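Dear colleague,

Please find below the structure that I am handing over to you. My notes on what was found in it follow directly after.

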Amino acid sequence: MSDAESKQIERMKSILGTQKSAFKADRQRSLENRKADLAKIAKLCRDNVDAICEAINQDFSCRAKQESVLGEIIFVINDAEHTAKHLKQWMKPKKVSVPLNLKPGKAYIRRDPVGVAGIVAPWNYPFQLALAPLVAALGAGCRAMLKPSEYTPATSELIKTLIGQHFDEDQVAVITGGPAVGQAFTQLKFDHLFYTGSTQVGRLVAKAAAENLVPVTLELGGKSPAIITPSYPVESAAKSITWGKLFNSGQTCVAPDYVLAPKGREDEVASALVAVAQAQFEDVATDDSYSAIVSDRHYQRLHDMIEEARAAGATVLQPEHDAAEAKARRKIPPTVVLNLPADSKLLEEEIFGPVLPVLGYETLDQATDYVSDRDHPLALYVYTTDKAEADRVLGATLSGGVGVNINLLHLSIPDLPFGGIGASGQGAYHGETGFEVFSHNRSVFHTGKWHPSRLLAPPYGKMYENITKRQLK
Ligand code: NAD
């Protein structure tokens, strides 16, 4: 561990103490103050569009500005403003009915802020995935410490600077550093730990949180399938799937990971996917709207997966591009792979890049079996013109979320909870669900002078008998 990392670990321990004290002094942050916090987040996004895009571009070596504007900045602004708009309603205690035998009295659920949140973010949407959980935490009236990814140092530094300009450290603090800092961070006794990243590290985070019984949300990854049914026009499916797969060059947790196509039509589907990619980018190597892979290590991993498939006899299709230039700029061209052996890495690991295997299925049951025999994916996409067919696919599988005839964009609907299930995650956020993550549903039963437990207390008499007899009938 470097000196800088040791310092960060000491610093974060002390900040946690300071934030806990500050929370104690302002336990029920007012609606007005929470709205002001959210307005600051929206403002820091609006005022720094170029700086944010440039930092992410520097980290990726090439990140399409359009993708950063849409997938990072606008997303966070919408999230902050949606939260501010609905906050008053979400903060209201929820009245529940009181059974007759417990009347009179009022029962309700308070939504109390849990305290200090720890938020760990990955590199693929380094701004959005740090700030969207922060929006939820601030909306809920919590304080927060963020630990962004070490793979995006320029963005992490910028987040630290912008947060420092708008928030006191006892309300929001940013801790930078790599896995060692991440590990120490997740061992802290937060009131909630919110982690976004790989399933592998998610397991370690869950263990660390369990040591302190810290409640944890895990936003993880997985292999999200896109099922094309025979009824759906291949060209339309290819346009939709290619868009979702190539956004941020496939470095998206909910990108379609593989395609299940009707048997005998795999070639047609593969050709359509390559044709759409070719039409979108004249040459991915030199086009700045096609993002690079985040690091040499991640580039090499994708490159090796493709070569392993090729060596095993798979068919690898790519649009025309300058291969030497693509390599020099750390770009993996859009790649469609057919005839893959079942044990190839491309079918076993989350791909997380612009590489798309196409597999054939004989019957829809076979396609849903393929999905349900594996870990539950973070998203499932089905392309069909028949609603009953869509329902059949949903009924036979389980996934974090679903897109019917669309992909990716389900996560931009604020009122849809976003999260995985099993290996793709636990818990969810966005909109009110995010507010709930950082709030405690606190049950309150408030009676007046008369209290019904008197009827149930010893010495047991006729009243007790009457009440229990009625309930056992
Ligand atoms: P990662 O798990 O390697 O790293 C994520 C964060 O965890 C980083 O900040 C890192 O420093 C920290 N970390 C690393 N080792 C740690 C440890 N031992 N203890 C605690 N923290 C540690 O993930 P990544 O490679 O940055 O992100 C890619 C993965 O994230 C993919 O699997 C993707 O599907 C998933 N992802 C999921 C979502 C979602 O919302 N479900 C969103 C984006 C990415």
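In these notes, a residue is called buried under 20% relative accessible area, exposed over 50% and partly exposed in between (1.4 Å probe, protein chains only). The model is predicted: local features need pLDDT of at least 70, side-chain atom pairs count only at pLDDT 80 or more, and totals for chains, interfaces and linings use all residues. Residues are numbered from 1 along each chain as its sequence is written, and side-chain values use heavy atoms, with hydrogens and water left out.

Backbone

Serine 61 has a positive phi, near 75°, and is not a glycine. Serine 61 belongs to the loop between α3 (49–60) and α4, and its relative accessibility of 43% makes it partly exposed. Helices (H or I, at least four residues) and strands (E, at least two) are DSSP runs numbered from the N terminus. Asparagine 339, also not a glycine, has a positive phi of about 55°. Its place is the loop between β11 (335–338) and α13 (345–348), and at 55% relative accessible area asparagine 339 is exposed.

Two cis peptide bonds deserve mention. One runs from lysine 103 to proline 104, with omega near 0°; proline 104 is in the loop between β1 (94–96) and β2 (106–113). Another joins proline 458 and proline 459, with omega about -5°, and proline 459 lies in the loop between α17 (453–456) and α18 (462–472).

Rings

The whole structure holds 12 aromatic pairs. Rings of Phe, Tyr and Trp (its six-membered ring) pair if their centres lie within 6.5 Å; planes under 30 degrees apart count as stacked, over 60 as edge-to-face and the rest as tilted. Tyrosine 460 and tyrosine 464 form a tilted pair, 4.7 Å centre to centre with 45° between the planes. Tyrosine 460 is exposed at 54%, while tyrosine 464 is partly exposed at 30%. Ring pairs also link Phe194, Phe418, Tyr429 and Phe438 into a cluster.

A charge sits over a ring if NZ of Lys or CZ of Arg is within 6 Å of the ring centre and within 35 degrees of the ring normal. Lysine 40 lies over the face of phenylalanine 167, 4.7 Å from the ring centre. Arginine 63 lies over the face of phenylalanine 60, at 4.8 Å from the ring centre.

Yours sincerely
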